[in-house]
Amino acid sequence: MKYVGEARDTPSGAPQAKPATGKRADRPDRTDRTDRSDRSTRDRVARSILSHGPSTVTELAGRLGLTPAAVRRHLDTLAADDVVAPREQRVYGARTRGRPAKVFALTDCGRDAFDQSYDQLAADALRYIQERFGGDEAVVAFARARIAEQAAAYRAAVEAAAPEGRTEALAKALSADGYAATARSAPLPQRGEQLCQHHCPVAHVAEKFPQLCDAETEIFSQLLGTHVQRLATIAHGDGVCTTFIPSSTHAGPHPVSAASEPSDASRTSRTSHTSDNASTSTAGRNPA
């Protein structure tokens with residue numbers, strides 16, 4: 001399981017580490033051990049719900065060998081972290097007297113905390129398109145259609161910004177889609193800006209299908225109205241996806257179309273550049 005609940009902050013009154021006096025200074029204190037134990041137990045509670053479905057406190061206590069009070073305490077934490085949510089138990093047949101028992105079920109966030117196979121599913125789907133519907137050209141067509149649909153919001157943000165703020169506006173729009181993007185001045189002697197995407201939600205798929213990166217670069221060029229150059233990509237093994245935008249980005253955004261011709265960015269030789277946050281690489285190239 002990737003994540004179920006963060007460790008709570010240590011109270012201000014908790015014991016602080018003491019200077020070394022012959023004892024090991026790096027030995028974890030009792031609070032740390034308790035936090036790790038609590039996180040482990042919360043993981044067990046969540047996994048039990050995943051395996052058995054919505055469960056009552058009594059059912060969880062019996063399966064895990066815990067007291068109902070302990071189960072309730074961990075469920076409260078999991079609910080606060082949006083991992084589980086309480087709901088009334090469904091009753092089939094004649095309803096008995098009294099209020100139905102409350103059960104706890106995983107939320108969408110809670111399910112996402114467990115290992116998923118979405119990346120493999122997406123890669124398999126693209127491979128099927130490639131093999132059955134036109135090879136690489138079919139994958140390129142899909143990549144352009146996908147990013148063009150996303151780009152509607154990006155174009156609105158860019159068009160609403162002043163010419164000198166368009167890269168920053170694009171970065172904010174990309175961040176809203178989970179790319180954690182920033183804009184900054186490019187290091188000298190380059191004259192322009194760098195658009196840095198510190199996260200890529202489709203990096204594992206783009207590693208196998210760099211057409212996704214190429215289509216994104218084309219869209220950036222169209223939105224900003226100038227040639228742009230991809231310097232590095234997370235899919236290619238770099239720490240940050242970095243795109244160089246020259247200082248002439250004042251021509252205005254171009255129309256965005258899924259069927260548009262490739263921009264200069266995809267035809268121009270991608271020479272290596274060095275930035276302080278991204279290693280030199282050729283963008284969009286499959287490293288395999």
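Leaving aside neighbours within four places in sequence, which residues is histidine 74 in contact with? They are Asp38, Thr41, Arg42 and Val45, where contact means heavy atoms within 4.5 Å. This is a predicted model, in which local features need pLDDT of at least 70, side-chain atom pairs count only at pLDDT 80 or more, and totals for chains, interfaces and linings use all residues. Residues are numbered from 1 along each chain as its sequence is written, and side-chain values use heavy atoms, with hydrogens and water left out.

**Chain**
- The chain has 10 helices and six strands; these are DSSP runs (helices H or I, at least four residues; strands E, at least two), numbered from the N terminus.
- Of the 288 residues, 39% are buried (under 20% relative accessible area, 1.4 Å probe, protein chains only).

**Histidine 74**
- Histidine 74 sits in helix α3, residues 68–80.
- Its relative accessibility is 3%, so histidine 74 counts as buried.

**Nonpolar cores**
- A nonpolar core is a set of buried Ala, Val, Leu, Ile, Met, Phe, Trp, Tyr and Cys residues joined through side-chain atoms within 4.5 Å.
- The largest has 28 residues, of which Tyr154, Leu170, Leu174 and Leu195 touch the most other members.
- Helices α5, α6 (135–160), α7 (166–176), α8 (203–208) and α9 (211–224) each supply at least two residues of this core.
- The largest share of this core, seven residues, comes from α9.
- Another core, of 15 residues, lies apart from it and includes Val45, Ala46, Val71 and Leu78.

- Helix α5 covers residues 118–132.

How values were computed
Buried means under 20% relative accessible area, exposed over 50%, partly exposed in between (1.4 Å probe, protein chains only). The expected span of a helix is 1.5 Å times one less than its number of residues.
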